[in-house]
Amino acid sequence: MISNLLIQSDNIVGLNYLLDNGFRGKIDLVYIDPPYATGGNFTITNGRATTISNSKNGDIAYTDTLRGKDFIGFLRERLILIRELLSEKGSIYLHIDYKIGHYVKVMMDEVFGIENFRNDITRVKCNPKNFDRVGYGNIKDLILLYTKTQSPIWNEPRKAYSEKDLEKLFSKKDKNGRRYTTVPIHAPGETENGKSNQPFKGMLPPAGRHWRTDVETLEQWDKDGLIEWSSNGNPRKIIYADEREGMRVQDIWEFKDPQYPDYPTEKNAEMLDLIVKTSSNENSIVLDCFCGSGTTLKSAQVLNRKWIGIDQSDLAIQVTKQKMNDIVQNLFALKNEYDFLDLTNTKNKQQESEYRLAVAY
């Protein structure tokens with residue numbers, strides 16, 4: 001079993017190191033939050049992350065100066081390597097903003113195949129702003145989800161019902177006060193000589209439809225009090241709210257940025273927990289090659305996944321190490337449970353140049 005691994009390097013070097021050292025086809029989940037082609041520097045001043053800045057004040061966390069086709073080329077080069085690292089059941093979530101995201105999607109369609117595109121997830125990132133500008137206020141960015149194949153890991157995510165959800169979706173109550181709703185017991189389409197086309201309580205399904213299950217099951221539902229009969233004799237299946245796991249997660253997420261981040265690109269930890277739970281299993285390897293503050297790695301660690309993080313910024317590595325070392329799990333602090341690899345020396349800078357020449361689609 002591999003050790004968790006934190007690599008300091010340009011991620012071209014780090015990704016090729018992984019390909020050369022047995023990780024090809026072994027990564028089940030990649031989450032990346034690359035630069036957004038904003039054209040400036042992000043800094044940390046007095047120990048706190050600040051917004052984009054072109055000034056010389058504060059320590060530069062990372063630069064974001066590539067624009068247009070140069071940025072797309074920069075990202076494409078890395079995504080080609082990521083595709084080779086993904087397992088056959090792997091997924092990639094790429095976090096980007098609205099100004100460049102749709103160009104990125106076209107490029108990702110080429111790299112991963114448009115048939116493997118799953119979602120353009122809208123992430124509400126902040127409260128509404130009242131800036132004086134021509135255009136609507138921007139409170140969201142987007143996450144592009146692709147899979148390596150048609151059979152990815154997928155642990156269906158659910159979220160708990162709110163009181164409003166319960167009132168809306170389960171508007172009825174039984175004699176014991178349990179909330180419920182009802183659904184039809186027939187579905188579109190006819191079957192010939194099948195068990196779902198037999199009489200139930202002397203009635204056949206409506207024309208052009210069939211029972212959702214066999215008649216024996218319908219009889220058992222009715223015996224158990226799980227069929228509600230309308231005043232005109234129409235049967236419907238009872239669904240109780242307290243027997244449901246929650247609502248299926250949709251493609252609009254409200255996971256706002258931390259109010260006082262330790263690193264400029266730090267994202268909501270609950271969002272990363274959701275992604276890691278949904279698209280990886282225990283002991284899967286999770287990769288973030290723009291790992292920044294290490295939030296992805298922390299989610300992987302506490303959810304019992306293996307993880308690999310790559311970043312070339314000294315500040316990113318410092319913040320990530322601190323975050324990982326501060327994790328408390330099973331009453332013991334996480335210490336020395338990952339390997340650190342520095343690939344920033346002169347030899348590896350030469351290798352980086354060679355790798356850039358060797359990368360081809």
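This note sets out numbered points on the sheet, cores, aromatic pairs and selected residues of a predicted model.

1. Basis. The model is predicted, so local features need pLDDT of at least 70 and side-chain atom pairs count only at pLDDT 80 or more, while totals for chains, interfaces and linings use all residues. Residues are numbered from 1 along each chain as its sequence is written, and side-chain values use heavy atoms, with hydrogens and water left out. Helices (H or I, at least four residues) and strands (E, at least two) are DSSP runs numbered from the N terminus.

2. Sheet. Nine strands form an open sheet with mixed pairing, in the order S17-S7-S8-S6-S2-S18-S19-S1-S22; two strands pair if DSSP finds at least two bridges between them. S17 and S22 (338-342) are the edge strands, each pairing on one side only. On average, neighbouring strands are turned by 15 degrees against each other, direction ignored. Axes are lines fitted to C-alpha atoms, for helices over the stretch in contact, and angles run from 0 to 180 degrees between N-to-C directions.

3. Strand pair S2 and S6. Strand S2 (residues 27-32) and strand S6 (residues 86-96) run parallel and are joined by five bridges. Ile32 has Leu94 as its bridge partner in S6.

4. Helices on the sheet. Helix H3 (residues 101-112) packs on the sheet and touches S6, S7 (117-124) and S8 (140-147), with its direction at about 5 degrees to that of S8. H6 also packs on the sheet, touching S2, S6, S7, S8 and S17, and its direction makes about 155 degrees with that of S2. Contact means heavy atoms within 4.5 Å.

5. Cores. A nonpolar core is a set of buried Ala, Val, Leu, Ile, Met, Phe, Trp, Tyr and Cys residues joined through side-chain atoms within 4.5 Å. Buried means under 20% relative accessible area, exposed over 50% and partly exposed in between (1.4 Å probe, protein chains only). The largest core has 40 residues, and Leu79, Ile92, Val104, Met108 and Leu287 have the most contacts inside it. Helix H2 (residues 68-85) supplies the largest share of this core, nine residues. A second, separate core has 25 residues, including Ile143, Val276, Ile327 and Tyr338.

6. Leu287. Leaving aside residues up to four places away in sequence, the residues that Leu287 touches include Leu15, Leu18, Leu85 and Ile310.

7. Helix H1. Eight of the ten residues of H1 (residues 11-20) are buried, so the helix is largely enclosed by the rest of the structure. At its start, a side-chain oxygen of Asp10 reaches to within 2.8 Å of the backbone nitrogen of Ile12. Gly22, which follows H1, has a positive phi near 90 degrees.

8. Lys267. This residue lies in the loop between S17 (252-254) and H6 (269-279). Lys267 is buried at a relative accessible area of 10%. Its side chain makes a polar contact of 2.6 Å with that of Asp33; such a contact is a pair of N or O atoms within 3.5 Å, where within protein one must be able to donate a hydrogen and the other to accept it, and residues adjacent in sequence count only if both atoms are side-chain atoms.

9. Aromatic pairs. Rings of Phe, Tyr and Trp (its six-membered ring) pair if their centres lie within 6.5 Å; planes under 30 degrees apart count as stacked, over 60 as edge-to-face and the rest as tilted. The count is ten pairs. Phe200 and Trp211 are edge-to-face, with centres 5.9 Å apart and planes at 85 degrees, and both are buried. Trp253 and Phe255 are also edge-to-face, at 5.9 Å and 90 degrees.
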